[in-house]
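Please open the model in your viewer and keep the selection tool at hand. The tour goes from one selection to the next.

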Amino acid sequence: MMERAKKMKRRVGAIYDLLDPLYTHEKTALTFRTPFQLLVSTILSAQCTDKQVNRVTKDLFRKYTSPRDYVSAPIAELEADIRPTGFYKNKAKSLKGCCQGLLDFYGGEVPASMEELIRLPGVGRKTANCVLGAAFDIPGVVVDTHVKRLSLRLGLTANQNPDKIETDLQRLLPQDRWRRFSDLLIYHGRAVCKARKPAHDNCAILTYCPSSSI
């Protein structure tokens with residue numbers, strides 16, 4: 001069992017080293033100036049491209065500058081302002097709940113710990129890890145749809161639950177590589193290892209992928 005774990009860690013290390021030079025080292029493609037803006041953007045990014053979120057937040061951040069602004073805004077008005085990001089009704093509720101939590105629990109400031117962030121309505125571990133990594137340089141594994149899909153496809157986990165996938169990947173990587181590895185899988189999933197048809201001819205890690213023979 002221990003030998004298998006060592007072999008898996010070496011394999012993940014090789015995947016990391018092959019992908020790392022290929023993709024940007026920006027912490028996030030979301031545009032933000034403060035941890036609060038990043039938190040809002042991350043909530044809006046669910047099932048939406050980062051580019052589209054950035055288009056929306058360009059005006060949104062001028063109009064809403066604090067948690068209290070989101071809480072006091074009429075729900076229909078907030079929905080209209082974020083509509084282009086999709087699922088705008090649920091996202092508006094999440095933003096209002098999250099901002100009310102910031103006011104109630106943390107004096108309107110975004111906390112810098114997982115335990116405090118996931119206490120906020122509408123904030124799960126994925127969102128929390130995004131904020132902690134990009135705003136506070138606190139390492140974490142971000143398990144979005146790309147990370148989940150590629151982790152399963154590469155045989156790095158047998159779990160479907162994002163929280164369990166997060167734990168599995170943490171065991172395979174040193175802490176200082178957690179966030180970067182998440183980013184690499186996200187970028188590779190968007191560019192090459194797509195859900196419907198992976199571009200095997202352009203895949204730098206094909207030799208490490210069990211699905212390459214499927």
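Is Arg190 buried, partly exposed or exposed? Arg190 is partly exposed, with a relative accessible area of 40%; buried means under 20% relative accessible area, exposed over 50% and partly exposed in between, using a 1.4 Å probe and protein chains only.

Before going on, note that this is a predicted model, in which local features need pLDDT of at least 70, side-chain atom pairs count only at pLDDT 80 or more, and totals for chains, interfaces and linings use all residues. Residues are numbered from 1 along each chain as its sequence is written, and side-chain values use heavy atoms, with hydrogens and water left out.

Helices are DSSP runs of H or I with at least four residues, numbered from the N terminus. Asp50 is buried, at 15%.

Next, select Asp17 and Arg177, whose side chains meet in a salt bridge (3.2 Å, N to O). Asp17 lies in helix α1 (residues 2–19) and Arg177 in the loop between α10 (162–172) and α11 (178–191), so the pair ties together parts 160 residues apart in sequence.

Finally, select Ser41 in helix α2 (residues 35–44). Ser41 counts as buried, at 0% relative accessibility. Beyond neighbours within four places in sequence, Ser41 is in contact (heavy atoms within 4.5 Å) with Leu30, Thr31, Val53, Thr57 and Phe61.

Note on methods:
Helices (H or I, at least four residues) and strands (E, at least two) are DSSP runs, numbered from the N terminus. A salt bridge is a side-chain nitrogen of Lys or Arg within 4 Å of a carboxyl oxygen of Asp or Glu.
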